[in-house]
Amino acid sequence: MGDALAVEEQRSILSVHSILPEPDTVTKIVKRIRALTTRLLPVEVDISDISDATSSIITPEVIEAFAKCGGDFSEAIPFCLLRARATFMRDGYLNPPDYDESLCRATACEVLARRIIHTIPPDRLESVMSARFRYRESDGDESPPTSCLETAIDQHCTIFLSSSEAQHVVNSLWRGDWIQKNNENDDIDYVQYEKSDSNYFWDHLNPQRLGVPRYQTVFRQVTWIIFLFVYSQSVKSPLDQLDPEHQFDEWEYILYIMTLSFLIEEGYKVAKVFRIANRPLATIGFWTVVNFLTDGLLLSAFVLRIVGITMDPSKNDDAQNLRFRSFQVLSCVAPLIWMKLLTVFDGFKIVGTLQVVTFRMLRESAIFFILLAIMGAGFFQSLYALDAADGESGGKGLVINGLVQALLGSPDFESPSERYGYPAGMLVYYAWNFLATIILVNVLIALFGSAYSDVEENATDEYLAFFAHKTIDLIRAPDSFVYPAPFNLIEAILIAPLEWVLPTAWYIRLNEVIMSILFFIPLTLIALFESQVAHTRSDRLRDYFSGPPPEEEGDPKVENPGSDDPNGEISTISFEDLVKVFPNTAVTESAMISREIKKLQAAIDELRKTVNTGDQVDHKTGKAADKDVKREDGELVDTK
């Protein structure tokens with residue numbers, strides 16, 4: 001048994017991929033981690049005492065204990081810790097009295113996952129972060145496969161995602177130094193791009209390089225700017241669109257074809273992610289909603305336009321009205337299209353943080369809109385009944401308009417007494433103004449202020465989590481050949497049906513040829529960038545595009561540099577001798593005192609043991625002396 005375990009351990013170390021435990025095994029490890037965490041934190045503590053780098057709770061000994069709790073499946077521990085975090089957060093929501101305790105334990109699991117990831121060898125990092133695990137859900141079914149990095153993004157684990165190891169993985173995927181390899185059963189691997197260090201143009205002229213998140217983002221940004229130009233051309237001549245004799249011009253054809261391609265692309269991505277994600281709703285972001293809303297409004301305008309065109313204006317008066325409504329809907333899309341231009345600049349921290357703040361504000365405002373909807377329904381019913389009390393009703397639209405105007409700070413205090421009756425109508429209208437403009441609006445302002453302060457205090461970590469979500473979102477849905485919109489229509493109509501007919505090798509070759517033709521210009525620019533700019537001799541360009549510099553810790557050339565200066569040497573005193581006098585800042589002062597006390601206690605125990613051993617020897621020697629007494633003349637006398 002021991003030899004078998006040794007062979008298995010050696011195979012785990014030498015293997016490129018992590019050993020994937022069965023779903024039942026993962027579930028048992030998660031339960032064991034929950035038990036350990038509960039024993040570690042039986043009571044509530046301050047969150048800062050857990051997340052602090054020199055925490056007296058998450059000590060090196062605790063980290064080592066959790067790292068060993070998985071036995072032969074040690075590389076699954078980071079994922080299991082994040083899974084345990086999710087279960088503790090669920091317990092907190094289901095049991096509000098113990099929410100703070102559950103939050104402490106969830107935070108501890110996340111911090112432990114970050115600390116353990118820091119101890120993983122660099123050559124194992126991509127395997128640990130990309131391996132997709134399955135576990136047993138509460139109903140007994142197997143969960144969809146998900147990786148350590150993906151579950152951290154779904155849970156918005158800012159502590160974990162802001163670690164240098166997680167950001168190294170994210171940045172490697174963003175730049176294309178690592179690529180995602182799609183395997184069977186929805187499993188993936190992050191593997192090194194073998195030609196990343198080559199400076200030859202033809203080594204980088206590869207159609208699959210268009211799937212790199214950085215290049216996908218640039219391509220989609222350029223496409224969206226073109227789409228904005230097409231949209232502007234379509235709406236700049238409203239009289240032409242309202243003309244009964246006018247059908248479609250070339251700009252409208254392009255507009256609606258691109259809209260269809262965007263809708264298919266977004267729907268296909270969401271459908272694939274929903275199939276493989278264990279928390280599908282967590283994968284839907286703000287821009288996903290904006291994309292569907294934009295495409296939905298554009299398609300609504302298209303449908304209204306088609307229905308209006310099919311009608312005969314001379315026989316049906318609704319034909320012109322439908323054209324007018326179509327143009328109204330088309331015009332309302334402009335703010336959403338211009339809003340998407342923010343994604344062009346979200347690579348800058350200030351713009352990315354601004355987006356995070358906006359998303360958090362919209363999420364925190366949910367309580368405001370719930371209260372507003374409940375109170376608005378009550379006041380609407382009251383004012384509508386008062387309006388119809390005299391037998392004449394001005395309609396629901398007038399009542400809703402009056403309530404909305406009051407909410408936006410422009411109430412009409414003259415007409416309510418005439419329309420709703422005096423004094424009841426005025427009292428109800430005054431009450432609505434007081435509750436809406438003074439209480440609810442101030443609640444909304446307080447929620448916005450709280451959301452802003454929460455993000456601003458942790459702006460860097462929030463931005464890093466946002467960047468990780470953006471990067472993984474581009475590659476999470478498995479697709480070996482990426483056809484960005486609007487070229488995805490060509491794939492859907494002409495290429496995808498051939499997947500069921502052609503052999504796999506032929507189908508791959510067909511995609512490579514077609515992508516090389518369709519995307520010849522962007523692929524050429526990518527190859528030029530990777531072969532020339534990324535390997536340029538200009539330090540400024542290389543530092544800007546190649547990411548953060550490598551770590552210099554442990555480099556002997558940095559710690560003990562040599563010197564060619566004839567006037568002297570630098571390393572007359574070795575680096576090790578210099579750092580001997582440094583304090584150990586990796587642990588708190590209380591932890592150092594505790595360690596010293598333990599060492600002192602061990603020394604006292606050892607001394608007590610030595611003293612007890614000496615007493616026993618002396619006692620035996622004394623008994624021997626009582627048996628025989630030696631006279632001064634050398635004769636022995638038996639004392640008995």
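Stop 1: Select Glu265. At 18% relative accessibility, Glu265 counts as buried. This is a predicted model. Glu265 sits in helix H14 and Arg220 in helix H12 (residues 213–235), so the bridge ties together parts that are 45 residues apart in sequence. Arg220 is partly exposed, at 28% relative accessible area.

**Stop 2: H14 again.** Select Glu252 and Arg305. They form a salt bridge, with the closest N and O atoms 2.3 Å apart. Glu252 belongs to helix H14 and Arg305 to helix H15, so this pair ties together parts that are 53 residues apart in sequence. Both residues are buried.

**Stop 3: H23 to H18.** Select Glu462 and Arg360. The closest N and O atoms of this salt bridge are 3.1 Å apart. The pair links distant parts of the chain: Glu462 is in helix H23 and Arg360 in helix H18, 102 residues apart. Buried or exposed, what is Glu462? Glu462 is buried, at 6% relative accessibility. Arg360 is buried too, with a relative accessible area of 12%.

The structure holds 19 salt bridges.

**Stop 4: zoom out.** Show the whole chain as a cartoon. The protein has 30 helices and six strands. Of its 640 residues, 37% count as buried. Among contacts with a separation of 6 or more, 70% are between residues 24 or more positions apart. Switch to a surface. The accessible surface comes to about 37,000 Å², and 60% of that belongs to carbon and sulfur atoms.

**Stop 5: the annotated segments.** Then take residues 427–448: here the chain is 100% helix and 0% strand, with 30 Å between the end C-alpha atoms.

**Stop 6: a nonpolar patch.** Select Phe274, Leu281, Ile284 and Val289. They form a nonpolar patch on the surface, with about 370 Å² of accessible area together. Leu281 lies in the loop between H14 and helix H15 (286–310). Leu281 is exposed, at 68% relative accessibility.

**Stop 7: a buried loop residue.** Select Ser365. Ser365 lies in the loop between helix H18 (349–364) and helix H19 (366–387). Its relative accessible area is 2%, so Ser365 counts as buried. What does Ser365 contact, leaving aside neighbours within four places in sequence? The contacts are Leu444, Leu447 and Phe448.

Stop 8: Select Ala485 and Pro486. The peptide bond from Ala485 to Pro486 is cis, with omega near 5 degrees. Pro486 is in the loop between helix H23 (459–475) and H24. Move on to helix H24 (residues 488–495), whose buried residues are Asn488, Leu489, Glu491 and Ile495. Their cover includes helix H14 (250–276) and helix H25 (504–518).

**Stop 9: a positive phi.** Select His156. His156 has a positive phi of about 55 degrees although it is not a glycine. Most residues other than glycine have a negative phi, and most peptide bonds are trans. His156 lies in the loop between helix H8 (148–154) and helix H9 (158–161). His156 is partly exposed, at 34% relative accessibility.

**Stop 10: Phe133.** Select Phe133 in strand E1 (residues 132–133). Phe133 is buried, at 2% relative accessibility. Beyond residues up to four places away in sequence, Phe133 touches a set that includes Leu20, Val26, Phe79 and Pro144. Cys80 is 53 residues away along the chain, and its C-alpha atom is 9.1 Å from that of Phe133.

**Last stop: the cysteines.** Select Cys157. Cys157 is buried, at 0% relative accessibility. A disulfide needs sulfur atoms within 2.5 Å. The count comes to zero disulfides. Finish on Cys104, which is buried at a relative accessible area of 3%.

Note on methods. Residues numbered from 1 in each chain as written. Predicted model: local features only at pLDDT ≥ 70, side-chain atom pairs only at ≥ 80, totals over all residues. Heavy atoms only, no water. Buried < 20%, exposed > 50% of the residue type's maximum accessible area, 1.4 Å probe, protein only. Helix = DSSP H or I, 4+ residues; strand = E, 2+ residues; numbered from the N terminus. Contact = heavy atoms within 4.5 Å. Areas by Shrake-Rupley, 256 points an atom, 1.4 Å probe, with all protein chains shown as cover. Patch = residues over 30% accessible without salt bridge, like charges linked within 9 Å, V, L, I, M, F, W, Y side chains within 5 Å. Salt bridge = Lys/Arg side-chain N within 4 Å of Asp/Glu carboxyl O.
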